[in-house]
Each structure stands twice: as structure tokens, then as C-alpha cells.
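Work through the exercises below with the sequence and the coordinates open. Each task is followed by a solution in steps.

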Amino acid sequence: MISVSLIMPQAVVPAAAASERAIYLYYTHTKETARIVFKRNGQFVQSGLNELNYFLRDWRRNEPTKMDPRLFDLVWEVYQEVGGSQPINVVSAYRSPATNEMLRAKSSGVAENSQHTKGNAMDFFIPGVPLSRLRAAAMKKQVGGVGYYPTSGSPFVHLDTGSVRAWPRMTRAQLKDIFPDGKTMHVPTDGKPLSQQGYQVALAEWKKCHAYPCNGSSSGTQVASSGSGRTLVDMLFGGNDDKPASATKAAPVQVASVAPQPSTPKAAPIPAMRPASLALASAEAPTPALPFSTDGSAPLMPPN
């Protein structure tokens, strides 16, 4: 089996690659760049989650936390949607309560109970991808909050796994361009849903799986153990591609994000628009050369 795998790698590796989710990141403050596999065969990989927890740490205090794994699914799916090829430039991720209070003292644009302090949020941009396109792709997912900061000193979008909301709100016409069928929990500037029936349909789905439409991509996913029980072929090429995550034994889950979701969405704070003076990084800074291949990072579907 080993010899066959080594002789015919092209016949096996693509299937393994298709079963993995890897996220490409460049942290604008620490200047670190990494490609981290956080999901394999429908299961979160604990070692990858650990790497991401540290990579996305509060850089001011060098303090990590347990990030919500669903955030990585969300960011990965948005990356595929927009056809990203450069690393995701992270402007802000985890913020410790102490750091958050320090920033709040400087500006009203920082929420007291920020999703950043819970490990549920990331502020970022992708070189070569219009910020408006990132916002639209994230809003279509209807997983959590989407903030749009095109005039910040470092333009970025904010994504989190809190309740579904967006700021600033779009006009009715703008929102209808993204949701022509009206099935959305997002509300336009006039405060009225695009469609009462569509809003209720989207809300019912969100209550079931914390997303609309329900597709099982991020809700209830188990954390894969990196320990024993896997063959050499499994370790090299992923193995068990046809086995659903629910049928595979996994290590005990220690992340809050895979706990049962509340029956109704809880309102998360919407921060005020941040002034340019509070910019955390410069979007004009050159993106470093990647120390790894970008093969496999092409979008699942060609951009429109």
C-alpha cells in the first residue's frame, strides 16, 4: 500500500487536499505568515486550532485564547467565494478584556462587550479583493456580524460569529441586490425586513444551525484527534473521506463553539464607526512573499 501510494501520488493527493480546509494568514502587527490546516474530513483538527489560537493572539499582551472554530469556517468560505489568492491580512483578532478597555478609553468605536474579547471575531482584508465584495460575500453567509470600514486608516471588514447583523446598514436597494429572494435576517436602513416571510424562513434556519441556509458546514463539527487509530495512509492522505464526522470518534471537545446554540439569536453589540486615528495597521503595507505554495487555494468557483 505504501509503495503504491508513493508511486501514484497524483491519484491520491488531490482527493486528500479536497478534504482539507487550510487558512492562509498574515498578521499585520506581528508580521507572521502561516498556512494552517484547521479542518480535515469534516472534523476540526485540534492541532490546527491550537496554532490559530496562538497566531491570532492579543499581540499587545502576547495572550492567546480559544477562538471560535466556526469563525475559521466562515472566513475560509468567504475566501473561496471571493476568489482570494493572497493571504488574509489580519488587522485584529482576539483582544483581551484589558486591551479592549484600553482601546475603549481612546475611542467610542470599540464595543464594551466586543466579540473580539470572546474569540469570536476577526478584522481583515485580502489584497486584490474589493472590500465591498468581501462584505457582500460575508453577509450572504448569514452566520454572524459583518462590519464594513472602508474609510478607516486601514480599510477592513469585521466578521464574527455572534448574531446576524451588519453595520452600517445597507439601503433597501443595496440589500435586495444581495438577497433578491428576500430570505435574510439582515435589515435595511428603513428598519423593515425585505420580506416578512423571507425573514422568518431565514430566522428559523438560523435557530437550527446558526446559519442560513443550513448546510452542516460549521455547526456541530467535532474536533479530530491527532493521536492513534489512524493508518499511515490516513496520516498521509486524510483517509476515511466517505465517513461522516458524526460517525467518527473524536477527542473530547473543549471549545465553546460546538456547544448547543441558543434557541434565539442574542443581540451582539454594534460598535460605532472607528475614526482613522484608531487605525491598527496600514492597508498600503506590502504583502510579504509567501513562504509556502498557494496551490490548492484557488476558489471553488471562478469569480463573477
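**Exercise 1. A glycine in a helix**

Does Gly48 count as buried or exposed, and at what relative accessibility?

Solution. 
- Start with the source: this is a predicted model.
- Locate the residue. Gly48 lies in helix H3, which spans 46-55.
- Read the accessibility. Gly48 has 0% relative accessibility, so the residue counts as buried.
- List the contacts. With neighbours within four places in sequence set aside, Gly48 touches Ile36 and Val37.

**Exercise 2. A leucine in a strand**

Which residues are in contact with Leu25, leaving aside its neighbours within four places in sequence?

Solution. 
- Leu25 belongs to strand S1, residues 20-27.
- Check burial. The cut-off for buried is under 20% relative accessible area. Leu25 is at 0%, so it counts as buried.
- Collect the contacts. Leu25 meets Glu32, Thr33, Ala34, Leu52, Phe55, Leu56, Pro87, Ile88 and Val90, with neighbours within four places in sequence left out.
- Leu25 and Arg35 are ten residues apart along the chain, and their C-alpha atoms are separated by 6.5 Å.

**Exercise 3. A leucine in a helix**

Where does Leu103 lie, and what is its relative accessible area?

Solution. 
- Assign the element. Leu103 sits in helix H5, residues 97-106.
- Read the area. The value for Leu103 is 4%, so this residue is buried.
- List the partners. Beyond neighbours within four places in sequence, Leu103 is in contact with Arg60, Arg95 and Val110.

**Exercise 4. Two packed helices**

At roughly what angle do the axes of helix H4 and helix H6 cross?

Solution. 
- Set up the description. Two packed helices are described by the angle between their axes and by the distance between those axes.
- Take both values. The axes of H4 (residues 69-82) and H6 (residues 131-141) come within 9 Å and cross at roughly 125°.
- The crossing of H4 and H6 is right-handed.
- Name the residues. From H4 come Leu74, Glu77, Val78, Glu81 and Val82; from H6 come Arg133, Leu134, Ala137, Ala138, Lys140 and Lys141.
- Sort them by class. The contact of H4 with H6 has six nonpolar residues, five charged and no polar.

**Exercise 5. The disulfide**

Which cysteines form a disulfide, and why is the disulfide left-handed or right-handed?

Solution. 
- Count. The structure holds one disulfide.
- Identify the pair. Cys209 and Cys214 are joined, with their sulfur atoms 2.1 Å apart.
- Read the torsion. About the S-S bond of Cys209 and Cys214 it is about -105°, so the disulfide is left-handed.
- Compare the two ends. Cys209 is buried, with a relative accessible area of 10%. Cys214 is partly exposed, at 31%.

**Exercise 6. Backbone checks**

Which peptide bond is cis with omega near -10°, and which is cis with omega near -5°?

Solution. 
- Take omega near -10°. This is the cis bond from Trp167 to Pro168. Pro168 is in the loop between strand S8 (165-167) and helix H7 (172-178).
- Take omega near -5°. This is the cis bond from Tyr212 to Pro213. Pro213 is in the loop between helix H8 (196-209) and strand S9 (223-224).

Now turn to phi. What are the phi values of Asn62 and Gln142?

- Asn62 has phi near 55°, positive in a residue other than glycine. Its place is in the loop between helix H3 and H4. Asn62 is at 45% relative accessibility, so it counts as partly exposed.
- Gln142 has a positive phi of about 50°, and is not a glycine either. Gln142 is in the loop between H6 and strand S6 (145-149). With a relative accessible area of 1%, Gln142 is buried.

**Exercise 7. The whole chain**

How many helices and strands are there in the protein chain?

Solution. 
- Count the elements. The chain has nine helices and nine strands.
- Take the buried share. Of the 304 residues in the protein chain, 47% are buried.
- Take the contact range. Among contacts between residues at least 6 apart in sequence, 64% join residues at least 24 apart.

Terms used
Residues are numbered from 1 along each chain as its sequence is written. This is a predicted model: local features need pLDDT of at least 70, side-chain atom pairs count only at pLDDT 80 or more; totals for chains, interfaces and linings use all residues. Side-chain values use heavy atoms; hydrogens and water are left out. Axes are lines fitted to C-alpha atoms, for helices over the stretch in contact, and angles run from 0 to 180 degrees between N-to-C directions. Helices (H or I, at least four residues) and strands (E, at least two) are DSSP runs, numbered from the N terminus. A crossing is left-handed if the near helix is turned anticlockwise from the far one by less than a right angle, and right-handed if clockwise. Contact means heavy atoms within 4.5 Å. Ala, Val, Leu, Ile, Met, Phe, Trp, Tyr, Cys and Pro count as nonpolar, Asp, Glu, Lys and Arg as charged, and the others, Gly among them, as polar. A disulfide is a pair of cysteine sulfur atoms within 2.5 Å. Buried means under 20% relative accessible area, exposed over 50%, partly exposed in between (1.4 Å probe, protein chains only).
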